[in-house]
Amino acid sequence: MAVRQKNPLVISQSIHCQTSHEMVITINGNMSFIWYNYDKENHTIGESVMSGSGSDKLAEIINDSVSYLVKVNDGNCTTDSVITLYNYPTPHFSIGELRPICEGGSGITVTISGKNAGDKVYIKEDAVWKEINGTYTFAPTSPTEYSLQVQSQHGCTNDTTITIDVIAKPDITINDMIDGNDAICMGDSIKLTIASSATNDLSWANNAGDKKEIWVKPQSRTTYTAIAKTGECTNSTTFTVDVNNLPTASFSGDAYACEGKTATFRVSNPNTSVYSYVWDDNGSTETERTEVINENKTFDLIVTNITTQCHQKFTYG
């Protein structure tokens with residue numbers, strides 16, 4: 001007696017994810033077949049759900065998993081096969097905090113992963129999907145939308161997009177009260193004012209103050225830093241104040257005189273190319289003067305640096 005070989009049962013099925021629900025199974029070959037519901041745990045055959053001949057498909061909508069027993073006959077032999085279909089869940093993303101980044105900054109590093117073990121996450125870069133290994137640094141120069149995809153170990157996918165906003169740095173300048181002259185005389189004060197588009201969050205570094213305007217009285221060359229903040233974006237600028245020394249002067253001559261007599265006194269070693277000299281009582285610019293002394297009297301001399309206009313009063317007598 002000859003033994004007939006059973007024809008192979010060729011069954012193909014696609015990956016089934018909850019995004020589609022419809023399961024499609026294809027039998028290849030010119031054979032007759034019957035599909036039965038099948039209890040895999042109890043090995044129980046239920047009602048037939050489909051029959052036919054030739055190549056055909058079984059399309060079924062399921063929510064979790066289902067098993068079928070398929071009997072295929074080639075006219076001589078019958079082949080049984082049990083098939084279990086699983087409707088795998090749609091994978092989901094786990095994305096860290098997304099914050100706007102500051103123009104010109106280093107970007108923002110975000111944790112991105114799938115919610116289940118075995119999930120892989122991809123980002124589209126220049127039309128190519130690139131796998132993300134836990135974190136990704138976004139550094140756009142303008143607001144940009146990014147495409148992401150998470151893929152489960154069963155091949156199910158889920159797509160989404162995220163947008164990273166870019167905030168322009170606030171403009172900032174420091175204005176002074178002396179027409180752009182960044183120098184003051186020793187002992188003077190100067191008002192510095194912040195001008196910025198960030199009107200509500202302005203401050204000064206080094207505890208100089210947290211107001212838009214500050215008065216400062218430096219004793220030497222000092223640099224002040226102003227800070228403006230808009231959201232996560234910070235910008236700063238500096239302003240340097242130079243301090244010019246006051247002029248100096250000394251006198252020589254008669255320290256006293258008899259009543260009705262004259263006394264002569266003068267500026268010691270005057271330098272008229274650098275300083276101007278003006279007597280306060282008569283407006284004279286002479287560096288030496290002779291006066292008739294009838295009573296105790298003092299004389300005030302105003303010495304001014306011609307270049308810096310810093311001045312100081314000196315008294316003789």
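Student: In this protein, what share of the contacts with a separation of 6 or more comes from residues 24 or more positions apart?

Tutor: The structure is a predicted model, in which local features need pLDDT of at least 70, side-chain atom pairs count only at pLDDT 80 or more, and totals for chains, interfaces and linings use all residues. Residues are numbered from 1 along each chain as its sequence is written, and side-chain values use heavy atoms, with hydrogens and water left out. A contact means heavy atoms within 4.5 Å. Among contacts with a separation of 6 or more, the share from residues 24 or more positions apart is 53%.

Student: How many helices and how many strands are there in the protein?

Tutor: Both are DSSP runs numbered from the N terminus, a helix being H or I over at least four residues and a strand being E over at least two. Counted in this way, the protein has zero helices and 29 strands.

Student: Which residues have the most contacts inside the largest nonpolar core?

Tutor: A nonpolar core is a set of buried Ala, Val, Leu, Ile, Met, Phe, Trp, Tyr and Cys residues joined through side-chain atoms within 4.5 Å, where buried means under 20% relative accessible area, exposed over 50% and partly exposed in between, with a 1.4 Å probe and protein chains only. The largest such core has 17 residues, and those with the most contacts inside it are Leu192 and Trp204.
Among the elements that give two or more residues to this core are β19 (190–196) and β20 (202–204).

Student: Where in the chain does Cys310, the partner of Cys185, lie?

Tutor: Cys185 and Cys310 form a disulfide with sulfur atoms 1.9 Å apart, and -95° about the S-S bond makes the link left-handed. The pair links parts 125 residues apart, with Cys185 in strand β18 (residues 183–185) and Cys310 in the loop between β28 (299–305) and β29 (311–316).

Student: Is Cys258 buried or exposed?

Tutor: Cys310 has a relative accessible area of 0% and is buried, and Cys185, at 13%, is buried too. Cys258 has 55% relative accessibility, so Cys258 counts as exposed.

Key
A disulfide is a pair of cysteine sulfur atoms within 2.5 Å.
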